[in-house]
Amino acid sequence: MTALFDGMRSLSEELRRAAGDLEVSLYGVADAKGFLSPEYQGNRPQDVMPSVRSVVVLGVPLLRGSMDALPKGRAEYHNSLLAATVTLRYMSFQLAKRIEDAEYLASIVPAEGSEFGIWYADRETLRADVSLRYAAYLAGLGRYGLNHSLVTEKYGPRVRFMGILTDAPLEPGVPASDFAHEGCSSCGRCVDICPVGALEKDGTIHREKCAQYMFGELGGLRCGLCLKTCPL
């Protein structure tokens with residue numbers, strides 16, 4: 001048991017150092033068992049990798065200039081998201097290789113359900129195979145906002161995430177005691193600015209409205225207004 005714990009701590013420390021060398025802005029590890037909670041209603045990593053023990057989460061901030069140009073600059077905003085995805089893909093692959101060098105399995109989770117015109121998530125519910133936002137919450141990287149994005153302490157909700165599924169027993173982070181960010185209780189800016197009324201002040205989200213707007217009027221480009229207007 002001691003040898004197993006020492007091995008877990010050693011690999012965990014190695015990955016954290018490597019993430020720092022790669023200039024990963026946000027790094028954390030979620031215990032995959034957290035997805036088995038009855039309170040969680042999304043897709044589970046266990047359905048993708050039955051042997052999964054840990055979900056490594058990486059995040060980079062979105063460019064402030066690309067968000068400031070919204071809504072007119074949606075093409076520029078979308079392109080900036082893709083650039084963040086390229087960056088995260090490289091970072092994730094480097095860490096995944098280190099995990100497999102340690103004789104464990106590793107597989108990379110796409111960024112928020114889509115990359116470069118390929119849509120991995122359900123087009124009606126916008127739910128991906130694995131919720132990176134929930135993984136980031138379990139890893140202790142932030143709390144949920146009214147717009148169902150993860151609100152981080154340093155970057156607010158303006159973060160792009162990617163993840164690694166692995167059967168390695170890594171040291172997990174500790175999720176915040178409060179699931180929802182307290183700053184959202186008296187705000188509602190994201191609700192007011194949503195062009196299709198997909199958000200409500202009680203926390204309800206109508207994903208089908210968001211999907212129809214994105215795939216219809218925007219032709220697949222992202223909206224981003226709820227992130228731009230967030231004061232956190």
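## A buried threonine

Setting aside neighbours within four places in sequence, T152 is in contact (heavy atoms within 4.5 Å) with L26, L141, G142, P157, V159 and F161. This is a predicted model, in which local features need pLDDT of at least 70 and side-chain atom pairs count only at pLDDT 80 or more, while totals for chains, interfaces and linings use all residues. Residues are numbered from 1 along each chain as its sequence is written, and side-chain values use heavy atoms, with hydrogens and water left out.

Where does T152 lie? T152 is found in the loop between β7 (150-151) and β8; strands (E, at least two residues) and helices (H or I, at least four) are DSSP runs, numbered from the N terminus. T152 has a relative accessibility of 5% and counts as buried. Here buried means under 20% relative accessible area, exposed over 50%, and partly exposed in between, with a 1.4 Å probe and protein chains only. The T152 side chain also reaches the backbone nitrogen of Y155, at 3.1 Å.

## Two salt bridges

How many salt bridges does a search of the whole structure find? There are two, each being a side-chain nitrogen of Lys or Arg within 4 Å of a carboxyl oxygen of Asp or Glu. One joins E14 and R98, whose closest N and O atoms are 3.3 Å apart. This pair links distant parts of the chain, since E14 sits in helix α1 (residues 2-21) and R98 in helix α3 (residues 74-101), 84 residues apart. Both partners are partly exposed: E14 has a relative accessible area of 28%, and R98 one of 36%.

In the other, the side chains of E182 and R143 meet at 2.6 Å, N to O. E182 belongs to the loop between β8 (159-166) and α5 (189-193) and R143 to strand β6 (residues 143-144), so the pair ties together parts 39 residues apart in sequence.

## Rings that meet

Seven aromatic pairs turn up in a search of the whole structure. Rings of Phe, Tyr and Trp (its six-membered ring) pair if their centres lie within 6.5 Å; planes under 30 degrees apart count as stacked, over 60 as edge-to-face and the rest as tilted. Y134 and Y137 have ring centres 5.8 Å apart and planes at 40°, so this pair is tilted. These two tyrosines are three residues apart in helix α4 (residues 132-138), about one helical turn.

Y137 also pairs with Y144: the centres are 6.3 Å apart and the planes at 65°, so the arrangement is edge-to-face. Y144 is buried, at 11% relative accessible area. Ring pairs link F35, Y40, Y134, Y137, Y144 and F179 into a cluster.

How values were computed. Polar contact = N/O pair within 3.5 Å; in protein donor to acceptor, adjacent residues only side chain to side chain.
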